[in-house]
2 protein chains.
Amino acid sequence: MSETRMPLSSDEIVLFDKWWFAANYLSVAQIYLLANPLLREPLTLEHTKPRLLGHWGTTPGLNFLYLHLNRIIRRDGRNVLFVAGPGHGAPGVVASTYLEGTYTEYFPEVTQDTIGLEKLVKQFSFPGGIPSHAAATTPGSIHEGGELGYSLSHAYGAAFDNPDLVVACVVGDGEAETGPLATSWHSNKFLDAKTDGAVLPILHLNGYKIANPTVLARIPSDELVALFRGYGYAPILVEGHEPAAMHQRMATAMDDAFAQIAAIQKAAREGGETARPTWPMIIMRSPKGWTGPKTVDGQRAEGYWRSHQVPFTDLTNPGHLKLLSDWLLSYKPDELFDGNGTLRPEIRALAPQGDKRMSANPHANGGVLKRALRLPDLRDYAVAVDRPGATDGESTRVLGTWLRDVMKENLGSRNFRVLAPDENNSNRLNAILDVTNRAWDAETLDYDDHLAPDGHVMEILSEHTCQGWLEGYLLTGRHGFFSCYEAFIHIVDSMVNQHAKWLKTSREVPWRRPIASLNYLLTSHVWRQDHNGFSHQDPGFIDHVINKKADIARVYLPPDANTLLVVARHCLASWDRINVIVAGKQPEPQWLSLDAAIKHCEQGIGIWEWASNDAEGEPDVVMACAGDVPTGETLAAVSLLRKHVPDLKIRVINVVDLLTLESRTQHPHGLDDAMFNSLFTLDKPVIFAFHGYPQLIHKLIYKRENARNFHVHGFREEGTTTTPFDMTVRNALDRFHLVLNVIKHVPSLSVRAAYATQAIHDKLIEHKLYVAQYGEDMPEIRDWKWS
Amino acid sequence: MSETRMPLSSDEIVLFDKWWFAANYLSVAQIYLLANPLLREPLTLEHTKPRLLGHWGTTPGLNFLYLHLNRIIRRDGRNVLFVAGPGHGAPGVVASTYLEGTYTEYFPEVTQDTIGLEKLVKQFSFPGGIPSHAAATTPGSIHEGGELGYSLSHAYGAAFDNPDLVVACVVGDGEAETGPLATSWHSNKFLDAKTDGAVLPILHLNGYKIANPTVLARIPSDELVALFRGYGYAPILVEGHEPAAMHQRMATAMDDAFAQIAAIQKAAREGGETARPTWPMIIMRSPKGWTGPKTVDGQRAEGYWRSHQVPFTDLTNPGHLKLLSDWLLSYKPDELFDGNGTLRPEIRALAPQGDKRMSANPHANGGVLKRALRLPDLRDYAVAVDRPGATDGESTRVLGTWLRDVMKENLGSRNFRVLAPDENNSNRLNAILDVTNRAWDAETLDYDDHLAPDGHVMEILSEHTCQGWLEGYLLTGRHGFFSCYEAFIHIVDSMVNQHAKWLKTSREVPWRRPIASLNYLLTSHVWRQDHNGFSHQDPGFIDHVINKKADIARVYLPPDANTLLVVARHCLASWDRINVIVAGKQPEPQWLSLDAAIKHCEQGIGIWEWASNDAEGEPDVVMACAGDVPTGETLAAVSLLRKHVPDLKIRVINVVDLLTLESRTQHPHGLDDAMFNSLFTLDKPVIFAFHGYPQLIHKLIYKRENARNFHVHGFREEGTTTTPFDMTVRNALDRFHLVLNVIKHVPSLSVRAAYATQAIHDKLIEHKLYVAQYGEDMPEIRDWKWS
């Protein structure tokens, strides 16, 4: 602890206390008051809210830190972004942004006077107002403070490729217990002191969560320091509760931290230092609910879990009303705000100016900084497809060549990163490494390949960290592409929820500008995890995403390389969306030329006439497919049917944009009913081969006229380690089961179909025997070609 | 590093090498060979598998550790369970269990001779065989090795309440990068040295993941040691590659670690020591693919990422075939196995006997140890309900009183734990703390409440850790109950997937016995997160769970306290299921007496005749509901309809067991069609008020005759901080919107209905104005009672 230095004069301390008191005052006022915001008349029950909501416990600490960061910004002109991990401390964050004037600039009706203050206090946690945690409505925030665990990865994401930015990230000791947060400290091994900005983590040891002490507040100091040294930081401890001493300690700590950051950056940028630096961090230990009531009804409040949320409620209890009044007046509001209710100028002067205010930092409204990516012409990457199904290709490998050049064309702008949890090459996107490296600032050995501090491929074996980095990067106005094994993207389900909510809310905030979409490539998917087995087989992320708002969720299932290129290009040019692309990485038949792919993807769904034989009228059966493996099996089934029952009229429909199936009233991409009916008929059987869980299709089409005749094949949760084709057989998605189902649902088929049924059953038996004996698929399956 | 001690004689080292060579040999053989398992004839292409799968890299290290743990078990008679975090090292785990003889006992066809060896090697990663990672099929395993991050929380879960058990948990340095693993090191603050067993974590620094170096292998030694000291462990380093020296080092490390464990347990159990101990851990740094080929085709293999999976493939390359043959023969199989292919007795003697073998540890097949919970009679806890809707109750608080006595009745058996991420009291289950404490072994202050090392309520702010602990606890034969905010249970989506897969697979393994079900109580649910706002509002976990196998997933939506009691009792007595219960914690109307609740829950769905007026025949409309808030709104809507259109015949159906809606062909709880039709009619409109996303109901009922007439109200992702009733209005789940939809879909209603429509619209406007002004719901809403 740096006890000995006194960077602040006693005058400064008086002034600092005033700012801090003003922020604390407005925080308490937001939680409790409906009117009479400056207590210019005696407090009555009518001035208070009927429902008391919000989190006081962390708030005074956040206010204290905000103030001390402002001191550095004013003095050194640093460009600082503030991330409040304890997001429920929104009363404090909002109060600080109001004191800085930004809140009024963004929400002009919340004026810098008593009337504005009344609006400010009323709206907090009030219907139609603002939530109790930092959110898209909070100026200066890129971080939703609801679900915990992601503040630090968001902070690092914001710092990447922003060399002048320092992201001050407050981590609560509750949040610090989450897994995603616990591993995100290691982000310092992926940051380049030369070309990236800095992150200053501030661990706030408040001591308690809702009802329990926190782990990090209850381990000995030597363990605590060892832990963060182990994470690769130089911790600076600030501990206490007496304000004047704490101001000196925090000012000293901030001086040291920012000096260390400056020194590290200078050494890297001017001195040629390449070793990973030991970045500073601050550990602040202060009482929960600091400056709040020490006791309530005779029970410990300050420094205890009872201060976590609202320290006391039931204001019909006159003792409580008095306690509130005394508490508010202890901050001496009349010394802070003038007769009009405007913050006194000498206090206001503690805030930085203009964009230097953390609440006005343009990086926190990334859309204003966003520049469109330069996207190379697809023609130079497309697979030549002279005839559908004649050649094989590896879709994601082809995509990798295009992504390589997306990376190359935008490297100068440093606004595009590709992320994967140690799977970039496994997902066959390795071409990207021809033009950039993997970000890596830990020890590097001479035989390592493609590791460099400024690499733009981010790989850590943590889906959470990849997701958090990417969100932070997007929210500060850049672009990204996340590839992941399909089954394990569920690890970030909950983070996706929160990002979707952020996008929805930010559209309703007039000053928020659209950001680049969150783009996923899910590959190594369920049908081609035959080798890794059941634990790696789960197509349910699609189900998860389509529960999000229709404006936000998009799901694409390109069946081959050229459609994947077209879809990927579309996604990288889109904004404010969550785009999920599912595509295979294994060699597979290629169906569409680039021109055909562009047309097909524009429609999102369409009849493949070259595979159909219903040109003259209504088909006997519609065979629909979505996904690369289902498409291949469908076309193989069509081959078989043509051979066995040539007079059967088949229409083949391929779905790239899954949400075309949903009703137009439910999703903007949904086909209108007339178009849907013209594709799927009003009454013919539809045998639908789907990549995911079959019920999902039923869920999408339940409003459609022909819904009852859809028979969907998909993943039935029957997985194991087996061959690729056997995966489809176990789940009845294979060509043989598709044929059997066609025969079952087209009643007019008769004797010929009966023979076909017998032949198909024989084939299934033959398949099983072959696989059991040889451990691979029959040559006629492996070598099958559409013709 | 403990270089100086030499606990092993040179004869022992020779013997140890032989065991290790045998395990490594069988590992390589499993990956590559189809036949000729002991290379008793020259290796040809026909002896090898057509598809080469599996992970060699981590395997020799696992084999090495297994051997050294066996030394301690034999010497000290310790009871040790083995958890292989790097589960893809299954070739090694399986090889060790085979060498111990257990594999043959569990799978008698895999005999201890050449014929058995041929089966052993063929089945690995072969269709119909076993997966490439430790799984339910692996003797001695409680841990699926597919998705990474959960080994250490599983290990702690196994150790709780098993005072004689030591769980040796190998953590891979890839897995160590995941969030869930990174925080699970802190589990040592929740373990009681006196009444729980011990966990010995072994961090295996292999150096590389699929394609990248690992973070923990590339930080300086002082950071590494500091990190684990900071986590509260005493790390013991074992580093090197020369086998003889490594044997001495590892033997020394194991001696020290087990001696420290014994000393800690003695101090706690006999010496009265109460301070949290510093448990030992081992950090082993050894080359990836140790003893494998140093180079392949001139490129570095051993100690590099190329050894992560199969170091070389394409055995049609004669050089590769020779490389494989040389590699296998380097282990000198003829010195390890006799002429019959049986492991030589002096090597076999290195394994412990009977249940002491880690592969035969009964804790790894928890079902054999499981004892049913003693469950108190519900009658003593039920809420008195004289008349439906007349009284209010807090469902989860009532449940808490029963759970308190479940805890009390089973405390002697120490086989029941309740878990929550810092939400036990917030979820109103606080009565449990009357009979036990929260588990806590970190610093405790005199004003802390209900913290104790042997507490059976587990709270850490990590859903991942709660889930991992619980899984480990259940898999070793005990029981548990996990309460969580509904929105944030998505954090463990992916863990739920893996547990569901484990349950499905284990049912197919003849020697696995059923374990207790994984029971969730989701409360603080979407409709009553009005105060915390949009980020806390998500009912989608139900959607996630019902994609699991029908045999496994159960979803219950008890509408009041007594139904919650009945459902909870059912779940705690069930096995091999994932039970999701969604119930509110706020005061709500109580509908059913205990007797009525028992009857209703037995059927899972039923007509509430007391609320219906269709006794004489077919109703005009069916009003169905599932969930506590939807039930309340439905009954309020019925009240309104009776007032405004008294001649309308209404049938009210409540659904407790959601999967009764699904077709009997799809789910064992599904109603048969006749029953479904008799409830929901063939053609009448069904206005369905549902707790979750409305499309889920459509997905469940798509096969039903009357599906097209279902109109479902549910969460439309329209959330914010507002009042409870306004949450329902924003999503059109409220009584007014339900009434409007009834009027819309019952065409026979005429003039009276038009007046009602007008009145309802007025009410909606009045609601909005009232909430905007006062911030709470209108008294007539708050005070509404069914009568």
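**Figure 1. Area buried between chain B and chain A.** In this predicted model, chain B and chain A bury about 9700 Å² between them. Of that area, 52% lies on carbon and sulfur atoms. Three residues, R218(B), L461(B) and K501(B), supply 7% of the area that chain B buries against chain A, more than any other three residues. The contact takes 122 residues from chain A and 122 residues from chain B. The model scores ipTM 0.97 and pTM 0.97.

**Figure 2. Polar contacts and salt bridges across the interface.** Between chain B and chain A, 68 residue pairs are in polar contact, with both residues at pLDDT 80 or more. The interface of chain B and chain A also holds 16 salt bridges. One of the salt bridges joins D538(A) to K548(B), and their closest N and O atoms are 3.2 Å apart.

**Figure 3. Helices on the side of chain B that touches chain A.** Several helices of chain B each supply at least two residues of this side, among them helix 7 (179-184), helix 8 (221-230), helix 16 (541-545) and helix 24 (751-774). Helix 15 (493-507) of chain B also belongs to this group, and the largest share, seven residues, comes from helix 15. By class, the side of chain B that touches chain A comprises 45 nonpolar, 40 polar and 37 charged residues.

**Figure 4. An aromatic pair in chain A.** Over all chains, the structure holds 79 aromatic pairs. W185(A) and F228(A) form an aromatic pair of the edge-to-face kind. Their ring centres lie 4.7 Å apart, with 75 degrees between the planes. W185(A) is located in the loop between helix 7 (179-184) and strand 3 (198-205) of chain A, whereas F228(A) is in helix 8 (residues 221-230) of chain A; the pair therefore ties together parts that are 43 residues apart in sequence.

**Figure 5. A salt bridge within chain A.** A search of the whole structure finds 82 salt bridges over all chains. In the salt bridge shown here, the side chains of D161(A) and R417(A) meet at 3.0 Å, N to O. Because D161(A) lies in the loop between helix 6 (151-159) and strand 2 (165-172) of chain A and R417(A) lies in strand 9 (residues 416-420) of chain A, this pair ties together parts that are 256 residues apart in sequence. Chain A averages a pLDDT of 96, and 99% of the residues score at least 70.

Technical notes:
Residues numbered from 1 in each chain as written. Chains lettered and ligands numbered in written order. Heavy atoms only, no water. Contact = heavy atoms within 4.5 Å. Buried area = accessible area lost by both parts, 1.4 Å probe. Salt bridge = Lys/Arg side-chain N within 4 Å of Asp/Glu carboxyl O. Polar contact = N/O pair within 3.5 Å; in protein donor to acceptor, adjacent residues only side chain to side chain. Helix = DSSP H or I, 4+ residues; strand = E, 2+ residues; numbered from the N terminus. Nonpolar A, V, L, I, M, F, W, Y, C, P; charged D, E, K, R; others polar. pLDDT = per-residue confidence, 0-100. Phe/Tyr/Trp six-rings, centres within 6.5 Å; stacked < 30°, edge-to-face > 60°.
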